[in-house]
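Q: I'd like to learn how to read a few local features off a model. Can you walk me through some?

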Amino acid sequence: MTAQELKSKTPDELKDQLVALKKEAFNLRFQQATGQLENTARMRTVRREVARVKTILNQKAADAAASN
């Protein structure tokens with residue numbers, strides 16, 4: 001997902017997506033440990049997507065705090 005798509009989502013949707021991405025990252029780490037991981041590049045993209053979602057969530061929280 002692009003940052004623009006993430007900015008249009010609500011904080012609750014972003015939190016749900018963050019949970020899903022963290023589960024996927026866990027599963028990928030588990031597959032790597034057992035030698036079953038085929039697409040190693042997916043780990044990097046998931047890690048970056050997690051960071052992107054966290055960044056957008058922090059920006060939304062800062063905007064909400066500044067407006068109050």
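This is a predicted model: local features need pLDDT of at least 70, side-chain atom pairs count only at pLDDT 80 or more; totals for chains, interfaces and linings use all residues.

Q: Is Gln-17 buried or exposed?

A: Gln-17 has a relative accessible area of 17%, so it is buried. Gln-17 lies in helix α2.

Q: Which residues does Gln-17 touch, leaving out those up to four places away in sequence?

A: Those are Met-1, Leu-6 and Lys-9. With Lys-9 there's also a polar contact: the two side chains are joined at 3.1 Å.

Q: What about aromatic rings, how many pairs are there?

A: Rings pair if their centres lie within 6.5 Å, and planes under 30 degrees apart count as stacked, over 60 as edge-to-face, the rest as tilted. Here the structure holds 1 aromatic pair. The ring centres of Phe-26 and Phe-30 are 6.2 Å apart with planes at 35°, so this pair is tilted.

Q: Where do Phe-26 and Phe-30 sit along the helix?

A: Both are in helix α2 (residues 11–34), and because they're 4 residues apart, about one helical turn separates them. As for accessibility, Phe-26 is partly exposed at 45%, while Phe-30, at 52%, counts as exposed.

Q: And Ala-51, which helix holds it?

A: Ala-51 belongs to helix α3, which covers residues 41–67. Its relative accessible area is 40%, so Ala-51 is partly exposed.

Q: What separates the C-alpha atoms of Ala-51 and Leu-18?

A: They're 9.2 Å from each other, with the two residues 33 apart along the chain.

Methods:
Residues are numbered from 1 along each chain as its sequence is written. Side-chain values use heavy atoms; hydrogens and water are left out. Helices (H or I, at least four residues) and strands (E, at least two) are DSSP runs, numbered from the N terminus. Buried means under 20% relative accessible area, exposed over 50%, partly exposed in between (1.4 Å probe, protein chains only). Rings of Phe, Tyr and Trp (its six-membered ring) pair if their centres lie within 6.5 Å; planes under 30 degrees apart count as stacked, over 60 as edge-to-face and the rest as tilted. A polar contact is a pair of N or O atoms within 3.5 Å; within protein, one must be able to donate a hydrogen and the other to accept it, and residues adjacent in sequence count only if both atoms are side-chain atoms. Contact means heavy atoms within 4.5 Å.
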